[in-house]
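Work through the exercises below with the structure in view. Try each task before reading its solution.

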Amino acid sequence: MARCDVCGNEYDKAFTVQRGGQTGTFDSFECAIHELAPECEHCGCRIIGHGVEADGRMFCCANCARHAGISEMVDRGAADAAP
Ligand SMILES: [Zn+2]
Ligand SMILES: [Zn+2]
């Protein structure tokens, strides 16, 4: 049995996640995301996908990066759609 670092639930299927020098024990991905996922600097949502990093700042998407004044970001999906 392991105890979740976030909600304190003891669960036999709890797992650990390591990120950088930080290790956490969680009973669910929701708790792991709550503890470890970076926040978008523009909209504040949790970045669960790859996100966008620019100037050492993290954003959930290129649109948020643009709103924050970073002009050269393009979402990969939008770039791929161009002929
Ligand atoms: Zn939990
Ligand atoms: Zn965002």
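Donors are N, O and S atoms within 2.8 Å of the metal. Keep in mind that this is a predicted model.

**Exercise 1.** Find which residues coordinate the zinc ion (ligand 1), and how its donors are spaced along the chain.

*Solution.* 
- Step 1: Look around the ion. Cys4 (SG), Cys7 (SG), Asp27 (OD) and Cys31 (SG) coordinate the zinc ion (ligand 1), at 2.1 to 2.3 Å.
- Step 2: Read the donors in sequence order. Their spacing is C-x2-C-x19-D-x3-C.
- Step 3: Check the geometry. Four donors count as tetrahedral if all angles lie between 85 and 135 degrees. Here the angles among the four donor atoms are 95 to 121°, so the site of ligand 1 is tetrahedral.

**Exercise 2.** Decide for Cys4 and for Cys7: buried or partly exposed?

*Solution.* 
- Step 1: Recall the cut-offs. Buried means under 20% relative accessible area, exposed over 50%, partly exposed in between.
- Step 2: Cys4 has 3% relative accessibility, so Cys4 counts as buried.
- Step 3: Cys7 has 47%, so Cys7 counts as partly exposed.

**Exercise 3.** Describe the site of the zinc ion (ligand 2) and say which parts of the chain Cys43 and Cys64 tie together.

*Solution.* 
- Step 1: List the protein donors. They are Cys40 (SG), Cys43 (SG), Cys60 (SG) and Cys64 (SG), at 2.3 to 2.4 Å from the zinc ion (ligand 2).
- Step 2: Check the angles. They run from 105 to 114° among the four donor atoms, and the site of ligand 2 is tetrahedral. For comparison, the ideal angle for four tetrahedral donors is 109.5 degrees.
- Step 3: Write the spacing. The donor residues follow C-x2-C-x16-C-x3-C.
- Step 4: Cys43 sits in the loop between α1 (29-36) and β5 (52-54), and Cys64 in helix α2 (residues 62-67), so the two tie together parts 21 residues apart in sequence.
- Step 5: Compare accessibility. Cys43, at 44%, counts as partly exposed. Cys64, at 7%, counts as buried.

**Exercise 4.** Name the residues of the largest nonpolar core, and the elements that give two or more residues to this core.

*Solution.* 
- Step 1: The largest nonpolar core has eight residues: Cys40, Ile47, Val52, Ala54, Phe59, Cys64, Ala65 and Ile70.
- Step 2: β5 and α2 each give two or more residues to this core.
- Step 3: Another core lies apart from it, with five residues, among them Cys4, Phe26, Cys31 and Leu36.

**Exercise 5.** Locate Cys45 and state which residues it contacts, leaving aside neighbours within four places in sequence.

*Solution.* 
- Step 1: Cys45 lies in the loop between α1 and β5.
- Step 2: With those neighbours left aside, Cys45 is in contact with Pro38, Glu39, Cys40 and Cys60.

Terms used:
Residues numbered from 1 in each chain as written. Chains lettered and ligands numbered in written order. Predicted model: local features only at pLDDT ≥ 70, side-chain atom pairs only at ≥ 80, totals over all residues. Heavy atoms only, no water. Donors = N, O, S within 2.8 Å, 3.2 Å for Na, K, Ca; no water. Tetrahedral: all angles 85-135°; square planar, octahedral: opposite > 155°, others 65-115°. Buried < 20%, exposed > 50% of the residue type's maximum accessible area, 1.4 Å probe, protein only. Core = buried A, V, L, I, M, F, W, Y, C linked by side-chain atoms within 4.5 Å. Contact = heavy atoms within 4.5 Å.
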